[in-house]
Amino acid sequence: MTTTTSLLGPLTSPATLAGLDLRNRFVMAPMTRFRSPGGVPTPEVAAYYRRRAENGIGLVVTEGVLVGHRSASHETTVPRMTAGAAEDGWRRVTAEVHAAGGRIAAQLWHLGSEREPVDGYPAWTPATMSTADIGTIVAAYAEAARVAVRAGFDAVEIHAAHGYLLDEFLWPHTNRRTDRYGGGPAGRAAFPAEVVGAVRAELPARMPLIVRFSQFKERDYSARIAASPDELASLLAPLVSAGADVLHASQRRFWEPVFDGSPLNLAGWAKRITGLPTITVGSVGLTRSFPVSESMDRLVAGLTGGDYDLVALGRILLGNPAWVRLAEEGRLDEIRDYDKSHEDTYF
Ligand SMILES: Cc1cc2nc3c(=O)[nH]c(=O)nc-3n(C[C@H](O)[C@H](O)[C@H](O)COP(=O)(O)O)c2cc1C
């Protein structure tokens with residue numbers, strides 16, 4: 001059988017990500033699935049991640065995992081890291097992914113003021129965090145990282161994207177502070193950088209710390225944290241100094257330029273600015289023609305051109321846990337085009 005391995009090209013080559021060996025360049029993007037009653041990932045959750053790992057994903061990034069503070073979220077089926085049996089649940093998840101030859105990062109999440117009122121909770125009124133609140137939340141991230149290491153994770157990702165807590169500090173529209181956590185880009189990055197530093201301090205030296213960031217917000221696709229490459233550089237510098245060693249640059253479409261006058265995407269800019277390895281993401285592979293398409297060529301060109309090191313797949317993996325294997329083996333007619341209804345399935 002002729003395979004398309006040559007079409008996937010360098011995406012199938014092994015990589016070392018800040019000291020962590022990966023069998024290829026494919027990452028499973030973090031996706032919230034609401035399958036962890038009481039915040040505890042079940043055996044079904046472990047099987048779900050294992051299925052992606054045994055079918056070719058090199059690095060799984062978990063769905064957002066709530067840090068241990070009551071303000072993080074009141075969703076009851078979003079997993080937690082530090083509550084009750086959550087640690088044991090995650091230990092099962094990491095063991096299954098490892099048994100399948102994969103690696104796994106825990107994404108740590110606090111929703112900030114982005115939330116819907118739910119039954120039993122009063123409507124949410126966001127309030128300015130005091131310095132004491134900031135210290136409490138930094139400690140909650142550190143505790144979650146400590147537990148993640150114990151539970152067998154290979155890396156930790158800090159969710160600083162999409163309009164949630166840390167991104168609310170990065171984005172001038174939501175960060176109206178006049179203290180040292182607001183103002184210019186260095187001030188806006190100060191709290192996220194404290195979180196990065198506190199998490200870094202909990203991780204073994206060679207365990208990658210990934211920071212995920214974005215221009216867009218879940219509720220505003222045109223929003224931007226940085227109006228220019230210089231502003232982006234000023235936002236990223238404190239995160240890098242604090243110990244980020246991989247940047248996961250979230251875009252809705254990986255091929256879109258972010259600043260005028262350059263075709264570079266967000267991961268490309270992040271890598272050019274910081275020199276750190278980057279992960280790109282955004283609408284990769286959503287149709288079965290992808291592995292032979294022009295956008296595939298573009299994805300590979302960005303990798304070989306040094307714009308990014310890894311490529312994350314999100315929605316296409318919901319209905320196609322074996323996407324990487326099927327694409328590698330040229331079994332394109334077995335790939336299902338992405339359909340919104342895949343979000344309602346779980347296998
Ligand atoms: C159902 C669903 C849940 C998601 N949950 C998260 C999340 O918990 N954390 C996060 O950083 N991004 C989350 N995302 C965004 C994805 O990680 C990814 O960036 C996005 O889907 C774009 O990639 P894609 O076009 O390959 O799907 C979610 C996306 C979907 C579709």
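1. The largest pocket comes in at about 1,300 Å³. A pocket here is an open set of points on a 1 Å grid over the protein atoms alone, with protein on both sides within 12 Å along at least five of seven lines. Volume is the space filled by probe spheres set on the points, which are joined across faces, edges and corners.

2. Bear in mind that this is a predicted model: local features need pLDDT of at least 70, side-chain atom pairs count only at pLDDT 80 or more, and totals for chains, interfaces and linings use all residues. Numbering runs from 1 along each chain as its sequence is written, and side-chain values use heavy atoms, leaving out hydrogens and water.

3. Who lines that largest pocket? There are 45 residues, with Pro30, Met31, Thr32, His162 and Glu218 nearest the centre. Lining residues have an atom within 4 Å of a point. Among the elements giving at least two lining residues each are strand E6 (155–162), strand E10 (310–313) and helix H11 (316–319).

4. The second largest pocket has a volume of about 610 Å³. Its lining has 22 residues, and Pro126, Ala127, Thr128, Met129 and Leu165 sit nearest its centre. Helix H4 (131–150) and helix H5 (165–170) each supply at least two of the lining residues.

5. Now have a look at Thr280, in strand E9 (residues 278–281); strands are DSSP runs of at least two residues, helices (H or I) of at least four, numbered from the N terminus. Setting aside neighbours within four places in sequence, Thr280 contacts (heavy atoms within 4.5 Å) residues including Phe254, Asn265, Tyr308 and Leu310.

Notes:
1 Å grid on protein atoms, 1.4 Å probe; cavity = no way out; pocket = protein on both sides within 12 Å on 5 of 7 lines; lining within 4 Å.
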